[in-house]
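Dear colleague,

Please find below the structure that I am handing over to you, followed by a summary of what was found in it.

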Amino acid sequence: MSDLIFRISPNIVLGSYTAARAGQFARDWGSRYIVLIDPVVKELGVADGILQSLTDRKVEFFQFDEMEADADSEIIQRALSLARKAHVHGLIAVGGAKTLNLGRAVSAVYNEVHDLYDFIDGAVPSTAPLPMIAIPSTIRDTFVFTDRVPVVDSRSRHVKLIKAQPGLCKMALFDSNLSVSLTENQIAAMSIETLCLAVEAYVSQKATFFSDMLAEKAFEVLGYALDGGQSLAVTTPPEVLLSMGGCLASLAVATGSPGPASLLALAVNARFRISRALTVSILFPYIIEDMAKYKVDRLAKIARMLRLADADAAPEQAAALLAENARRRLAQANLPSRLKDLSISIEQFSLAAEDAGQLELMNGLPRSMTADDLFELIKLAY
């Protein structure tokens, strides 16, 4: 098991209507902000309460919502230029992963004098980041608690990772009310992805007792959120439980490491703009079956925590039940079960596997893997 190095950052606020207090928290770092808002979130009016909170507390701000299917390096440069011209004190990002990653990229290099592409190509920022408040509109985020920022390089459509200085994200507000911007299918796919994140953290080579603790609590909470409580004692609404489980899984994967499904989904999204949650959901059962060859005891423990297997079930049987349960969830939500259903050729997927194989996060996978190993997983799921 890896050594634990733990820094308490950022501050986390989780609960209903917490986003409506954004103005109160923002005053801690300044009075002039750029607010990045996912266009869908803005269109549905989900962020109105956040903006009103800023106005009520005399926090100056301007909005940036010029995002398409992803937030690539060109969009990052545009937002960065506007933030610098306005001499903002901080940044607030409201939306899904693309919005949060856009915000984290802007924050990471805001005080730098070098070109953005220097950092995309491997240079490490040396100045303090711009204070950022993350307000996810989805139930999870793989990188919100890490010092790595995924960026889509618009020159090549490859996903790259910028290594940010510590303390980039000052606060993360998880508000279950923001999930109203999601469709039922999106919630189903993200729920499966969140469960996969916790599993990846639990079987990672970089897992620690602390990431294990977070992942195990995530399994407990997600089990109730997805399948209901065993008694009337569990009265917390499912959307709140999903928000709690997403926060725990995000913390677990940040303390441990993302796994092969998350890395492949990043690369596929960068090249072909396919939903990361959908790609992860399809890959999830195949990841379980692959890991059962090396981490069967851990997978069996997960199956028991999710109440999918009896305590006396053989580890191999318990792991098989976990994979079967993942497939059942896909079928119940009427989600695609094979990668070929995403209308991408196997040759195109091979490019994404090569891209994922270049990421340094390959060192944290459950077992030693290469781009060829990732492509073998793709072929199984195709």
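Across the interface of domain 1 and domain 2, five residue pairs are found in polar contact. On the domain 1 side that touches domain 2, at least two residues each are supplied by β1 (11-14), α5 (97-109), β6 (148-153) and β7 (158-163). Please bear in mind that this is a predicted model.

The same interface holds two salt bridges. Arg148 forms a salt bridge with Glu360, and the closest N and O atoms of this pair are 2.7 Å apart.

As for the overall layout, the chain is divided into domain 1, covering 11-175, and domain 2, covering 184-381. Their C-alpha centres lie 26 Å apart. In terms of contacts, 26 residues of domain 1 meet 28 residues of domain 2. Between them the two domains bury about 2,400 Å², with 65% of this area on carbon and sulfur atoms. Ile139, Arg140 and Val159 supply 28% of the area that domain 1 buries against domain 2, which is more than any other three residues.

The next topic is strand β5. This strand spans residues 132-136, and five of its five residues are buried. Both of its faces are covered: Met132, Ala134 and Pro136 lie on one side, while Ile133 and Ile135 lie on the other.

Which strands pair with β5? Strand β4 (residues 90-95) pairs with β5 in the parallel sense, over five bridges. Within this pairing, Pro136 of β5 is the bridge partner of Gly95. Strand β8 (residues 169-174) also runs parallel to β5 and is joined to it by three bridges. Here Met171 of β8 is the bridge partner of Ile133.

Pro237 is found in the loop between α8 (209-227) and α9 (238-255). Is Pro237 buried, partly exposed or exposed? Its relative accessibility is 35%, and Pro237 therefore counts as partly exposed, since that class lies between the buried limit of under 20% and the exposed limit of over 50%. Pro237 and Ala172 are 65 residues apart in sequence, and their C-alpha atoms are 21 Å apart in space.

With kind regards

Conventions. Residues are numbered from 1 along each chain as its sequence is written. This is a predicted model: local features need pLDDT of at least 70, side-chain atom pairs count only at pLDDT 80 or more; totals for chains, interfaces and linings use all residues. Side-chain values use heavy atoms; hydrogens and water are left out. Buried means under 20% relative accessible area, exposed over 50%, partly exposed in between (1.4 Å probe, protein chains only). Helices (H or I, at least four residues) and strands (E, at least two) are DSSP runs, numbered from the N terminus. Two strands pair if DSSP finds at least two bridges between them. Domain bounds come from an automatic or database domain assignment. Contact means heavy atoms within 4.5 Å. Buried area is the accessible area (1.4 Å probe) that two parts lose on being put together, summed over both. A salt bridge is a side-chain nitrogen of Lys or Arg within 4 Å of a carboxyl oxygen of Asp or Glu. A polar contact is a pair of N or O atoms within 3.5 Å; within protein, one must be able to donate a hydrogen and the other to accept it, and residues adjacent in sequence count only if both atoms are side-chain atoms.
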